[in-house]
Amino acid sequence: MEARGVVAAAAAAMLVLLALVPEACRAEQFIVGDAARWTWGYNYTDWVVKKGPFFQNDSLVFRYDPPNATTHAHSVYMMRNLADYQSCNLNASKLVAGVMQGAGSGFEFVLQKRKVHYFVCGERGGIHCNAGQMKFIVKPKRSICRD
Ligand SMILES: [Cu+2]
């Protein structure tokens, strides 16, 4: 009887521990834009709100076709700061993935750092970023399992 009580208590303790393991322990992979992929005119800011929060070591997959006769070229750039992001000024931006890198299963970016990431499409001198809404901000939250 006493042994059963100990087992029951241990089982209860296990359940409590399992309940305490946060969702953030699992790194997730997100296809940016889901079925829309990385394209002109999709609202990625809304997408981020819908999919978030994002955690450290989650990954973002950018899928877009290489340039051809019928599709526009796309790319992925990271802006230096909010001002450049808002104005779509690419002068100090960093190339993340070129026009060919979104093909097939896409380009995967792992959110390793808990910093603000300003992603934009760098094509047509910022027009895809400005008029095409190809921009979004992600700040991954801390994943307590990986620190
Ligand atoms: Cu683009």
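Predicted model: local features only at pLDDT ≥ 70, side-chain atom pairs only at ≥ 80, totals over all residues.

**Overall organisation**

Visitor: Of the contacts in the chain with a separation of 6 or more, what percentage is accounted for by residues 24 or more positions apart?
Guide: Two residues are in contact if their C-beta atoms, placed from the backbone, lie within 7 Å. Among contacts in the chain with a separation of 6 or more, the share from residues 24 or more positions apart is 73%.

Visitor: In what order do the elements of the chain run from the N terminus on?
Guide: Helices (H or I, at least four residues) and strands (E, at least two) are DSSP runs, numbered from the N terminus. The chain has four helices and seven strands. From the N terminus on, their order is α-β-α-β-β-α-β-β-β-α-β.

Visitor: What percentage of the 147 residues counts as buried?
Guide: A residue is buried if 20 or more other C-beta atoms lie within 10 Å of its own, exposed if 12 or fewer, and partly exposed in between, with C-beta atoms placed from the backbone. Of the 147 residues of the chain, the buried share is 29%.

Visitor: What is the order of the open sheet of four strands?
Guide: Strands of a sheet pair through backbone hydrogen bonds, either parallel or antiparallel. Two strands count as paired if DSSP finds at least two bridges between them. In the open sheet of four strands the pairing is antiparallel, and the order is E4-E3-E6-E7.

Visitor: Which strands are the edge strands, and by what angle are neighbouring strands of this sheet turned on average?
Guide: Strand E4 (94-97) and strand E7 (135-138) are the edge strands, each pairing on one side only. Axes are lines fitted to C-alpha atoms, for helices over the stretch in contact, and angles run from 0 to 180 degrees between N-to-C directions. With direction ignored, neighbouring strands of this sheet are turned against each other on average by 30°.

Visitor: Which residue of E6 is the bridge partner of Met78?
Guide: Strand E3 (residues 76-78) and strand E6 (residues 117-120) run antiparallel and are joined by two bridges. In E6, the partner of Met78 is Phe119.

Visitor: Which strands stand at the edges of the open sheet of three strands?
Guide: This sheet has the order E1-E2-E5, with mixed pairing. Each edge strand has a single partner strand, so one side of each lacks a neighbour in the sheet: these are strand E1 (29-31) and E5.

Visitor: Which residue of E5 is the bridge partner of Phe62?
Guide: Strand E2 (residues 59-62) pairs with E5 in the antiparallel sense over four bridges. Val61 has Glu108 as its bridge partner in E5. For Phe62, the partner in E5 is Phe107.

Visitor: Which residues of strand E5 point to one face and are buried?
Guide: Side chains alternate along strand E5 (residues 107-110).

Visitor: Which residues are joined by a cis peptide bond?
Guide: Most residues other than glycine have a negative phi, and most peptide bonds are trans. Pro53 lies in the loop between helix H2 (44-51) and E2. With omega about 0°, the cis bond joins Gly52 and Pro53.

Visitor: Why does Asp34 count as exposed?
Guide: Asp34 is in the loop between E1 and H2, and its phi is near 50°, a positive value in a residue other than glycine. Asp34 counts as exposed because its C-beta neighbours inside 10 Å number 12.

Terms used:
Residues numbered from 1 in each chain as written.
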